[in-house]
2 protein chains.
Amino acid sequence: MSELRNDRYLRALLREPVDKTPVWVMRQAGRYLPEYREVRAKAGDFMTLCSTPDLACEVTLQPLRRFELDAAIIFSDILTIPDAMGLGLHFVAGEGPKFTKPIQSAADIAKLGVPDMASELRYVMDAISVTRRELNGDVPLIGFSGSPWTLACYMVEGGASKDFGKVKGMMFDAPEQMHKLLDIMAQSVTAYLNAQIAAGAQSVMLFDTWGGTLSTRDYQQFSLAYMQQIISGLTRESEGRKVPVTVFTKGGGQWLPLIAAVGCDAVGVDWTTDLSVAREAVNGKVALQGNMDPCVLYANKARIEQEVASVLASFGEGEGHVFNLGHGIHPTIDPDHMGCLIDAVHNLSVPYHQG
Amino acid sequence: MSELRNDRYLRALLREPVDKTPVWVMRQAGRYLPEYREVRAKAGDFMTLCSTPDLACEVTLQPLRRFELDAAIIFSDILTIPDAMGLGLHFVAGEGPKFTKPIQSAADIAKLGVPDMASELRYVMDAISVTRRELNGDVPLIGFSGSPWTLACYMVEGGASKDFGKVKGMMFDAPEQMHKLLDIMAQSVTAYLNAQIAAGAQSVMLFDTWGGTLSTRDYQQFSLAYMQQIISGLTRESEGRKVPVTVFTKGGGQWLPLIAAVGCDAVGVDWTTDLSVAREAVNGKVALQGNMDPCVLYANKARIEQEVASVLASFGEGEGHVFNLGHGIHPTIDPDHMGCLIDAVHNLSVPYHQG
């Protein structure tokens, strides 16, 4: 593998000195880019895009040709594991992901097994290998997975949900059943992320999109405990470097001290929690990733720069900050506004790293 | 007006002694009740139900015939004010509320005026008068409104929204315009709640459903400030009693000390924040309302009782707790489970009030 020329992102995750704050953006490869929409249209189906390594590599690299991003994230979907388990993932326009065979009973759970990474999820590993080769050491490549709780939400609900009645109904009415499901998902995610690291992912991230819908007690028992189980089973070094692990629970601002204690290197923060408050809460234990409101990108460029300055000031001086939005970039954002954001982070962050 | 025979709810809001913890449930008059669905079907249209005082009264009282609730809440919709402003409220099955004329520009905002409570929103006041007469002193009647920010979300988005791109786009790109809109909404909500109090509402509540989608700074400037403006303009005494004011920002757990400082008597808390943490955060300044996860009602009755016990224990001994769910009851809940909840609150809370 070629030498990494820009390792700002990896260094910041480990709270090591950097010259400026690194930045990448959730869903940076996505619908807001016309070149993405073109490839997506040619591929026809969203899952074809995910499961064809050359196409996944192409869209992964697209935003890096436009913007000076400090990391690439492999183009994929968080629902690849349940799909490999045979739940029948498909996408309905305007409604998001759906499963033809959702989990409805203890019997459904008993049938689930950890997918074989070398065959059933090989396309993800192949996409990572191809992308690493194409990146050629420019920036690090991030691998990822949904958290067990988040995957269980989609698997039991059969798709997106407004109130999570089915999955929480199962959690409250049959907690042992839910624990069985989460344990098999945690085993699968561990194997999945380790396979991604073996294939070349230089950092991995757990997206806990729906952990924030739980009470503090239920979050600890049904989401955080399984992320901790995964982290304790991960390969933490590869190619002679540490492989940093980031945990992001959307809406988890109240639980940052708990999240910082599960063995991860960095914690994602959404915009509802001020970074100065978050930094105090994690007390130097982990790096922080975030946290501009994605809707700021609808504003004019002067306002975008002002908000970038505000987020940087909120984290303050010193190491351990990776700039990101607090959620994925919206599909209707003007790519020029994304460029404005990336440049502003680099330009305005230099003074914060002269300690 | 007849003497109030059960004033537990009003007393708890003012942190006065009660024999057991009072309980009511958001959307207690609603689709989970077959008798509601029957009246709703006869009325044909949801807004007909809201705007016909006798029908609104009937569905308001339905849950009180089944359960020993400690308060009634007038059946209405949070979008009555923008409807009276001429935005053309209607409901699309499965999609929720829509406006035919959403707010898109400064010119649209300039055209808005405070609706006339005695004519354009008279049906709400009539529903309150009729319901007070029918309640005949059994339990107090709650009036309510959406918060200015929450109303603005619907008015600018034109309906429900996933990412609030339009309303936040306006907030970030043209903050002065957004402040104009919020100011006219705050004036309208103040007049609306005062008219409800004059008509017989014995307590009022501000539903800030979408305040939790903002950053701490934006929440203070664009949501909380306008709720404070409203509260400072409210009639606080009527019929010789204090009229307690409750503020509920869903997802506002991190901001409880800020909310407790705006002059309200009580603060609603959703289930993501533990009541013991919330109680410490508000430090005896206000009462707390909440906070069981509505999905607990999908579980078996033994589990529902266990969770009620857990919420009561979380608040602990002493005064200032109104039991509620952390969000409206879901339409597919079995009414018997609601009954189990109400009885459990009364039965299990007695030991907490013997100080």
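This is a predicted model: local features need pLDDT of at least 70, side-chain atom pairs count only at pLDDT 80 or more; totals for chains, interfaces and linings use all residues.
**Exercise 1. A strand inside the sheet of chain B**

Task: Find which residue stands opposite B:Met205 in β8(B), then place the strands of chain B in their sheet.

Solution. 

Step 1. The whole sheet is open and holds seven strands of chain B, in the order β1-β4-β5-β8-β9-β10-β11, with parallel pairing. The edge places belong to β1 (72-73) and β11 (321-325) of chain B; each has a single partner strand, so one side of each has no neighbour in the sheet.

Step 2. Helix α7 (residues 122-135) of chain B packs on this sheet and touches β1 and β4 (141-146) of chain B. The direction of α7 makes about 155° with that of β4(B).

**Exercise 2. The surroundings of β4(B)**

Task: State which strands are joined to β4(B) by bridges, and how many of its six residues are buried.

Solution. 

Step 1. On one hand, β1(B) is joined to β4(B) by two bridges, and the two run parallel. Here B:Ala72 is opposite B:Leu141 of β4(B).

Step 2. On the other hand, five bridges link β4(B) with β5(B), again in parallel. In this pair B:Ile142 is opposite B:Ser203 of β5(B).

Step 3. In a regular strand, side chains alternate between the two faces of the sheet. The residues of β4(B) can be sorted in this way: B:Leu141, B:Gly143 and B:Ser145 point one way, while B:Ile142, B:Phe144 and B:Gly146 point the other way.

Step 4. Both sets are buried, and the count for β4(B) is six of six residues.

**Exercise 3. A covered helix and the contact between chains**

Task: Name what covers the buried residues of α4(A), and say which helix of chain A gives the most to the side that touches chain B.

Solution. 

Step 1. Helix α4 (residues 53-66) of chain A has buried residues, among them A:Cys57, A:Val59 and A:Pro63. Their cover includes α2 (34-43), α3 (46-51), β1 (72-73) and α7 (122-135) of chain A.

Step 2. Between the chains, 27 residues of chain A are in contact with 26 residues of chain B. Helix α9 (residues 165-173) of chain A gives the most to its chain's side, with five residues. By class, that side of chain A has eight nonpolar, 13 polar and six charged residues.

**Exercise 4. Backbone details**

Task: Locate the cis peptide bonds that end at A:Asn291 and B:Asn291, and decide whether B:Phe164 and B:Asn283 are buried or exposed.

Solution. 

Step 1. The bond from A:Gly290 to A:Asn291 is cis, with omega near 0°; A:Asn291 lies in strand β10 (residues 287-292) of chain A.

Step 2. B:Gly290 and B:Asn291 are also joined by a cis peptide bond, with omega about 5°. B:Asn291 is in strand β10 (residues 287-292) of chain B.

Step 3. B:Phe164 is not a glycine, yet its phi is positive, about 60°. This residue sits in the loop between α8 and α9 (165-173) of chain B. A residue counts as buried at 20 or more other C-beta atoms within 10 Å; B:Phe164 has 20, so it is buried.

Step 4. B:Asn283, also not a glycine, has a positive phi of about 50° and lies in the loop between α13 (275-282) and β10 of chain B. The limit for exposed is 12 or fewer; B:Asn283 has 10 other C-beta atoms within 10 Å, so it is exposed.

Technical notes: Residues are numbered from 1 along each chain as its sequence is written. Chains are lettered from A and ligands numbered from 1 in the order in which they are written. Two strands pair if DSSP finds at least two bridges between them. Helices (H or I, at least four residues) and strands (E, at least two) are DSSP runs, numbered from the N terminus. Two residues are in contact if their C-beta atoms, placed from the backbone, lie within 7 Å. Axes are lines fitted to C-alpha atoms, for helices over the stretch in contact, and angles run from 0 to 180 degrees between N-to-C directions. Ala, Val, Leu, Ile, Met, Phe, Trp, Tyr, Cys and Pro count as nonpolar, Asp, Glu, Lys and Arg as charged, and the others, Gly among them, as polar.
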